[in-house]
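Me: I would like to learn how to read the packing features of a model like this one. Please take them one at a time, with the general idea before the case.

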Amino acid sequence: MRSPLSQARGLRSAGAGSAHWWTQRVTAVALVPLAIWFLASLLALGRGKHIDFVVWLQSPLNTILMVSFVIALFWHMALGLQVIVEDYVHTRPLKILASVAIHTGCALLVVTGLVSIARTIA
Amino acid sequence: MKDDNAPLSPALQIYRPQLTSVLSFMHRLTGIALSLGSLLLIAWLVAGSMGSPAYDMLLGFLRSGTGVLLLFGWTFTLFYHLCNGIRHLCWDAGYGFELKTIYASGWAVVSASLGLTVATWLIGLYALAGGA
């Protein structure tokens, strides 16, 4: 016999489900203006040379927005790909392995992006 | 093999496609495509940090026929995921669940992403032609 309270508690998310859900939405909202800014920047840089890219990225506002874009993008991407894996992969070891691989890969891509930005503006 | 009682997605073989289901499926598909596209973003940043030769090589590829096709596909994919993502956020906030509204917002997403893609490329081609 379980008490009503313990039964109700048992109905909650078993892991970090609600944090996952919220983070996916928050990064989505952040990516709306960031993606539009990024696209507009590409339109402006498309015809430029390497020096134009460096000068553009060195502007503090562009540095901040680019770093934010890279972080928000790969965070959102890891969460989204994880949901797809969880929906279609039904064996637990494979599901966990794929999830870890997705998050590790995205983390490496973020680090690569941020290091490249730092080296460009240095 | 299934090892828990988690709900499963509807089986595609027995599911009649409708605008709503097709758009929902496309949201995931574009999400996966954009994930692949994000590798290009990192390649661009890395090439930029390496210097002029690497940067010119990447831009040379992006301006080739294959590159332009990739970028065009990427633009539509991005706009679709962006517009339909906003539709999803409205649902998350509790708005737009009536069947009529769902279909109207669905068609709005399709036309907005097509229109924005064409508009972006017109601006891009105009800039490339030296007009801006």
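Reply: Start with burial: a residue is buried if 20 or more other C-beta atoms lie within 10 Å of its own, exposed if 12 or fewer, and partly exposed in between, with C-beta atoms placed from the backbone. On that count, 20% of the 132 residues of chain B are buried. This is a predicted model, in which local features need pLDDT of at least 70 and side-chain atom pairs count only at pLDDT 80 or more, while totals for chains, interfaces and linings use all residues. Residues are numbered from 1 along each chain as its sequence is written, and chains are lettered from A and ligands numbered from 1 in the order in which they are written.

Me: Is L42(A) buried, exposed or partly exposed?

Reply: L42(A) is partly exposed, because 16 other C-beta atoms lie within 10 Å. L42(A) sits in helix α2 of chain A. Its C-alpha is 9.7 Å from that of F53(A), eleven residues away in sequence.

Me: How many helices and strands does chain B have?

Reply: Helices (H or I, at least four residues) and strands (E, at least two) are DSSP runs, numbered from the N terminus. Chain B has four helices and zero strands, in the order α-α-α-α from the N terminus. Contacts are defined by C-beta atoms, placed from the backbone, within 7 Å. In chain B, among contacts between residues at least 6 apart in sequence, 68% join residues at least 24 apart.

Me: How is a pair of packed helices described?

Reply: Two packed helices are described by the angle between their axes and the distance between the axes. Axes are lines fitted to C-alpha atoms, for helices over the stretch in contact, and angles run from 0 to 180 degrees between N-to-C directions. Helix α3 (residues 65–92) of chain B and helix α4 (residues 99–128) of chain B cross at roughly 145°, with axes that come within 9 Å. A crossing is left-handed if the near helix is turned anticlockwise from the far one by less than a right angle, and right-handed if clockwise; that of α3(B) and α4(B) is right-handed. Residues of this contact include F72(B), F76(B) and C83(B) from α3(B), and V109(B), L116(B) and W121(B) from α4(B).

Me: At what angle do α5 of chain A and α1 of chain B pack?

Reply: Helix α5 (residues 92–121) of chain A and helix α1 (residues 19–50) of chain B pack at about 30°, with axes 8 Å apart. Angles under 35 degrees count as roughly parallel, over 145 as roughly antiparallel, 65 to 115 as roughly perpendicular and the rest as oblique; α5(A) and α1(B) are therefore roughly parallel. Their crossing is left-handed. Among the residues in contact are L109(A), G113(A) and I117(A) of α5(A), with I42(B), L45(B) and V46(B) of α1(B).

Me: What is a nonpolar core, and which residues have the most contacts inside the largest one?

Reply: A nonpolar core is a set of buried Ala, Val, Leu, Ile, Met, Phe, Trp, Tyr and Cys residues joined through C-beta atoms within 7 Å. The largest has 18 residues, and those with the most contacts inside it are V70(A), L73(A), F74(A), M77(A), A78(A) and C106(A). The elements giving two or more residues to this core are α2, α3, α4 and α5 of chain A and α2 (52–62) of chain B. The most, nine residues, come from α4(A). Beyond residues up to four places away in sequence, F74(A) touches C106(A), L109(A), V110(A) and S38(B).

How values were computed
Contact = placed C-beta atoms within 7 Å.
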